[in-house]
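Subject: Structure handover

Hello,

Here is the structure I promised you. Please open it beside this email and follow along.

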Amino acid sequence: MLRRTLLGAAATALVMTTGAFAAEHAEKTKVGFVYVGPVGDGGWTYEHDQGRLAVEAEYGDMVETVFQENVPEGADAERVMTQMALSGADLIFTTSFGYMDPTINVAAKFPDVKFEHATGYKTADNVANYSARFYEGRAVQGYIAGNMTETNKIGYIASFPIPEVIRGINAAYLAASAVNPDVEFNIVWAFTWFDPAKEADAAKALIEQGADVILQHTDSTAPQAAAAEASTDGKQIITFGQASDMAEYAPLPRVSSIIDNWAPYYIERVGAVMDGTWESQSVWQGIDKGMVEIGEISDAVPEDVKAGALDIVEQIRAGEMHPFTGPINKQDGSVWLAEGETADDGTLLGMDFYVEGLTGEIPN
Amino acid sequence: MIGLEKRPTPSRAWSYATPFLAVALTVIAGGLMFAALGKDPVAAIRTIFYDPLFDPQFAAYSRPQLLVKAGPLILIATGLALGFRAGVWNIGAEGQYIIGALTGAAVGLALYPAETRAIFPLMVLAGALGGWVWAMIPAILKTRFNTNEILVSLLLVYVAENLLASMAVGRLRNPEGGGFPGSRNLSQWDAAKNPELVAGTGMHWGVVAAFIAVIFAYILLNRHLAGFHIKLAGQAPRAARFAGVNPARLVVFCLGMSGALAGLAGIFEVTGPAGQISIDFNVGYGFTAIIVAFLGRLHPVGIALAGLLMALTYIGGELASFMLGIPAAAIQAFQGMLLFFLLAVDVLTNYRIRLGHREVAR
């Protein structure tokens with residue numbers, strides 16, 4: 001182990017002094033990852049880094065991975081990507097929405113380097129984009145939440161009013177109101193992706209207003225902790241893990257979770273670069289490809305509800321069910337989807353409206 | 001026995017030497033930290049300080065990036081230093097930077113898609129004005145109600161951040177962006193862009209403005225009555241009052257000047273390197289500039305050098321982070337050490353080290 005480290009250090013030093021990167025890396029595929037948060041955030045970035053480790057485990061000595069954490073979106077991201085490309089990376093994953101324009105800019109300067117941007121909408125000859133259909137997981141959450149709520153009040157900690165988040169709210173609400181027509185959603189906009197103090201405050205406020213289920217689209221475990229604290233003998237609050245399993249709060253208050261599993265996609269795309277078959281594409285994968293996983297449904301969920309939830313998962317996996325299937329009206333009462341009609345991806349990707357039944361306005 | 005003896009006047013020689021001593025101590029302590037993390041300390045230090053400047057693979061790109069990164073730091077720190085010298089503590093440059101970017105971008109976007117180069121100067125003016133107005137809040141609260149400008153300016157940063165988030169998803173959002181947050185890309189709009197002035201140098205209008213600000217501040221402090229008043233108010237507030245310095249006017253001047261410069265930094269950044277208003281547009285330049293101001297001894301030329309050094313630790317730090325796998329937190333700790341050691345060795349400016357037994361007072 002020690003010897004390998006020393007050899008590695010010596011090789012690095014040699015390469016650095018001679019500057020012979022291109023030759024050295026001809027047989028090893030170098031893959032870079034740009035992260036928006038720290039790898040230990042327990043949510044979004046953590047799961048991307050798990051994907052990176054899976055790539056290393058899969059290809060072993062044939063691949064070298066590098067990563068940069070805590071990269072702000074904007075000019076700094078552009079510099080980090082450029083430096084990675086200069087250091088000889090063959091493929092670079094940029095894992096935050098705000099990296100979209102920087103990725104396109106840098107990719108134009110390095111036509112031989114492949115780029116993969118997460119959760120955006122722009123592509124180029126050497127830029128692919130990929131995202132996950134998290135709303136499929138939201139439908140499962142909504143089903144469990146609608147069945148289990150006793151106060152019929154569900155609290156939702158939303159991050160930013162963007163299509164991704166609005167889609168999640170709609171999917172959860174549709175599934176919840178399908179099994180429990182009396183259910184009400186109370187939505188708090190936190191305007192952050194990760195801020196434990198703010199998230200805890202939001203959870204407490206929602207619980208005080210009578211919510212006994214907390215759904216979150218923010219990445220910290222603070223709402224889980226707040227829910228655990230607020231639960232007493234007569235009152236049980238339930239929550240769901242976000243981005244990562246958050247299993248340390250199972251079986252209660254966390255009863256299930258949506259897990260972002262990037263590993264299969266990363267392994268596939270690195271493999272494509274290795275055998276020269278990589279092509280630009282735009283993919284949006286869900287439960288069927290394993291990019292969205294439903295974390296274990298705990299024993300706190302009644303047996304029949306658990307069975308029903310697993311059934312939804314299987315139906316979505318098999319393509320027999322779409323969370324947005326008509327009839328669905330928009331919040332203002334106008335018709336969006338007719339009986340039996342399913343939503344097209346274009347509308348879903350740009351979703352900027354609530355469905356009928358949700359109260360309140362999307363902040364603007 | 002080692003003792004400290006207060007110097008009658010601060011040592012001039014030491015005040016110049018301490019920044020270099022602090023850098024040297026940071027390199028040693030940082031090297032030890034990298035070694036403790038299992039990384040080769042020599043390679044790490046070399047990657048941080050040497051590679052961005054001279055490595056054949058990276059230097060051609062990294063060297064111009066130094067100016068891009070240092071520009072806003074120098075611009076903001078120069079303004080802050082004026083206040084710090086006078087004992088006016090503007091800690092909220094980050095907020096003024098955000099508001100400058102917002103007002104400047106808003107003025108530009110209101111005129112979209114007109115194609116006249118007159119829009120850019122208008123945006124710059126609006127940016128400076130926005131930063132100035134945001135700094136006037138703590139200034140007026142201090143002069144009228146005697147509130148603490150440290151707290152007010154700092155807390156206004158969080159107000160500005162929320163305003164930024166709301167603007168990025170609301171009023172300033174790109175109507176053609178499919179509902180995603182973020183404004184139109186200003187650097188791709190000819191009328192508003194702040195381009196690289198000479199290809200391959202990283203020099204943009206913000207960098208030019210930073211160097212003009214440095215020269216302006218130097219002349220102000222050394223050749224102008226206002227500069228004398230600033231220094232006097234900081235060193236001897238009572239004497240300043242007798243000399244006819246109006247403290248309220250000084251507070252307004254210092255906060256306004258630093259706010260306007262921070263606002264300028266914001267508008268140059270949003271029209272150039274950053275390109276657009278986004279939720280997380282601000283990356284801490286306003287706070288880092290405080291370190292730069294002190295590292296540069298509150299002297300304009302010192303600040304220019306300190307800004308470049310700080311930029312080097314950022315760019316080299318990034319290189320070290322992904323080339324050698326050093327955690328981002330360790331790089332931040334390394335930068336933090338710089339300020340820590342600077343403050344620690346500052347004691348040598350004001351005190352003399354005495355070896356041997358302390359003499360009994362006679």
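First, a term you will need: a residue is buried if 20 or more other C-beta atoms lie within 10 Å of its own, exposed if 12 or fewer, and partly exposed in between, with C-beta atoms placed from the backbone. This is a predicted model, in which local features need pLDDT of at least 70, side-chain atom pairs count only at pLDDT 80 or more, and totals for chains, interfaces and linings use all residues. Residues are numbered from 1 along each chain as its sequence is written, while chains are lettered from A and ligands numbered from 1 in the order in which they are written.

Helices (H or I, at least four residues) and strands (E, at least two) are DSSP runs, numbered from the N terminus.

**Chain A**

Start with Phe191(A). It counts as buried, because 21 C-beta neighbours lie inside 10 Å. Its phi is positive, near 50°, and it is not a glycine. Look for Phe191(A) in the loop between β7 (184-189) and α8 (196-208).

UniProt, in an unreviewed entry, places "domain: ABC transporter substrate-binding protein PnrA-like" at residues 28-314 of chain A. UniProt positions follow the numbering used here, feature names are shortened, and annotations may be inferred rather than shown by experiment. Over residues 28-314, chain A is 40% helix and 22% strand. The end C-alpha atoms of that stretch are 39 Å apart.

Next, helix α11 of chain A, residues 303-317. Its 15 residues reach 21 Å from first C-alpha to last, close to the 21 Å expected at 1.5 Å a residue. (The expected span is 1.5 Å times one less than the number of residues.) Which residues of α11(A) are buried? They are Ala309(A), Ile312(A), Val313(A) and Ile316(A). They cover an arc of only 100° around the axis, so they sit on the same side of α11(A). The arc is that of the directions from the helix axis to the C-beta atoms. The face turned away from the buried side carries the exposed residues Glu303(A), Asp304(A), Ala307(A) and Glu314(A). After α11(A) comes Gly319(A), with a positive phi near 80°.

One more stop here. The peptide bond from Leu252(A) to Pro253(A) is cis, with omega near 0°. Pro253(A) is in the loop between β9 (238-241) and β10 (254-260).

**Where the chains meet**

Two residues are in contact if their C-beta atoms, placed from the backbone, lie within 7 Å. By that rule, 32 residues of chain B are in contact with 37 residues of chain A. On chain B, the elements giving two or more residues to this side are α4 (59-86), α7 (149-169) and α13 (300-324). The largest share, 6 residues, comes from α13(B).

**Chain B**

Strand β1 (residues 2-6) is hardly covered: the count of buried residues among its 5 is 0. β1(B) pairs with β2 (residues 351-355) in the antiparallel sense over 5 bridges. Two strands pair if DSSP finds at least two bridges between them. Leu4(B) has Ile353(B) as its bridge partner in β2(B).

Helix α11 of chain B (residues 247-271) is mostly covered, with 19 of its 25 residues buried.

Arg297(B) has a positive phi of about 60°, although it is not a glycine. Arg297(B) is buried, because 20 other C-beta atoms lie within 10 Å.

Last, a cis peptide bond joins Tyr112(B) and Pro113(B), with omega about 0°.

Best wishes

Methods:
Expected span 1.5 Å × (residues − 1).
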